[in-house]
Amino acid sequence: MTGASRIPCGSSGLPASGASVTSSNGDEAKRALRATLKAARREIGLEKRVQWDAHIGAQVVAWWRRRQPSVLGVYWPVHGEPDLRAAYSELVQAGAQLALPVVVSRDAPLAFAAWTPGDPMVTDGMGVQVPGDLHFVERPPAMLVPCLGFNADGYRLGYGGGFYDRTLAAQPRPATLGIAYACQQALFAHAAHDVPLDVIVTEISQVR
Ligand SMILES: Nc1nc2c(c(=O)[nH]1)N(C=O)[C@@H](CNc1ccc(C(=O)N[C@@H](CCC(=O)O)C(=O)O)cc1)CN2
Ligand SMILES: Nc1ncnc2c1ncn2[C@@H]1O[C@H](COP(=O)(O)OP(=O)(O)OP(=O)(O)O)[C@@H](O)[C@H]1O
């Protein structure tokens, strides 16, 4: 039996209740949880994905219209993350300035590069698309944070590099919108360096 079949991501929209890491020395368990959550996300069919991404994207746009941050950090989707590129285009038409995260070093916070949909892109060493022409900007005052997993307290599980945690460590913290599918919710203990996100946006949430 695969992790994906034990923890269906598609049908109910309910949390992946079988996915949990409760011990605090759980490096191995966290690796297993990451694999399970990735597999569960891969299982989501295209039709659901398109519908869910539209709902998540609409909430992001509504949030941006209310808050109007000077720059919004977004992300280029990898590994089956919600694809919000249609919403990014809508945001830019509404006057938003966007920036994409760039890994500059394994131990550093993320850098952010100004980005407009349609800019020429290249694949970086992490396998992520980044602008070919890098115009670095300051850390944005608001950002979307893609989550491989999240827990009920708003803590996030990423791919294990600690990049977003390092990026969010410095005060004043940016406003953070965690982006995930509802089935990526899991039980795990957060580490001391983990920074809780302000809100998690999913296909079943209604962000105010
Ligand atoms: N869309 C998106 N962009 C992002 C991030 C992200 O989580 N999502 N990042 C957030 O930090 C940064 C990139 N960090 C990344 C960290 C790991 C992997 C990755 O594919 N890791 C492999 C394992 C590689 C290994 O073990 O050596 C994997 O998870 O399969 C990709 C991006 C900046 N851009
Ligand atoms: N603020 C920080 N300062 C220094 N190192 C940190 C910080 N935050 C995280 N790290 C390092 O990053 C490692 C990975 O962290 P963690 O397992 O929480 O990654 P993640 O949040 O899942 O990954 P990512 O944010 O890249 O998607 C930690 O073991 C820790 O050593």
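In the predicted model, an oxygen atom of ligand 2 is placed 2.9 Å from a polar backbone atom of Gly162. Of the 650 Å² of accessible area that ligand 2 has on its own, the protein covers 70%. Two elements give two or more residues to the shell around the ligand, namely β10, which spans residues 156-157, and α5, which spans residues 163-169. The largest share of this shell, amounting to five residues, is supplied by α5.

A polar backbone atom of Gly158 lies 2.7 Å from an oxygen atom of ligand 2, and for a polar backbone atom of Tyr159 the distance to an oxygen atom of the ligand is 3.0 Å. In total, 15 residues surround ligand 2, and the closest of these are Arg34, Arg156, Gly158, Gly162 and His193. By residue class, the shell divides into five nonpolar, five polar and five charged residues.

Arg156 is buried and yet has no salt bridge, the nearest side chain of opposite charge being that of Asp165, at a distance of 5.2 Å. The side chain of Arg156 does, however, reach the backbone oxygen of Pro146 at 2.8 Å.

Side chains of opposite charge can pair when their charged atoms come close. A search of the whole structure finds two salt bridges. In one of them, Arg31 is joined to Glu28, with the closest N and O atoms 2.9 Å apart. Both residues belong to helix α2, which comprises residues 27-42, and because Arg31 and Glu28 are three residues apart in that helix, about one helical turn separates them. Glu28 counts as exposed, with a relative accessibility of 53%.

The other salt bridge is formed between the side chains of Asp83 and Arg85, for which the N to O distance is 2.8 Å. Both partners are partly exposed, since Asp83 has a relative accessible area of 28% and Arg85 has a relative accessibility of 32%.

Technical notes
Residues numbered from 1 in each chain as written. Chains lettered and ligands numbered in written order. Predicted model: local features only at pLDDT ≥ 70, side-chain atom pairs only at ≥ 80, totals over all residues. Heavy atoms only, no water. Near = heavy atom within 4 Å. Polar contact = N/O pair within 3.5 Å; in protein donor to acceptor, adjacent residues only side chain to side chain. Areas by Shrake-Rupley, 256 points an atom, 1.4 Å probe, with all protein chains shown as cover. Helix = DSSP H or I, 4+ residues; strand = E, 2+ residues; numbered from the N terminus. Nonpolar A, V, L, I, M, F, W, Y, C, P; charged D, E, K, R; others polar. Salt bridge = Lys/Arg side-chain N within 4 Å of Asp/Glu carboxyl O. Buried < 20%, exposed > 50% of the residue type's maximum accessible area, 1.4 Å probe, protein only. Lys, Arg positive; Asp, Glu negative; His and termini not counted.
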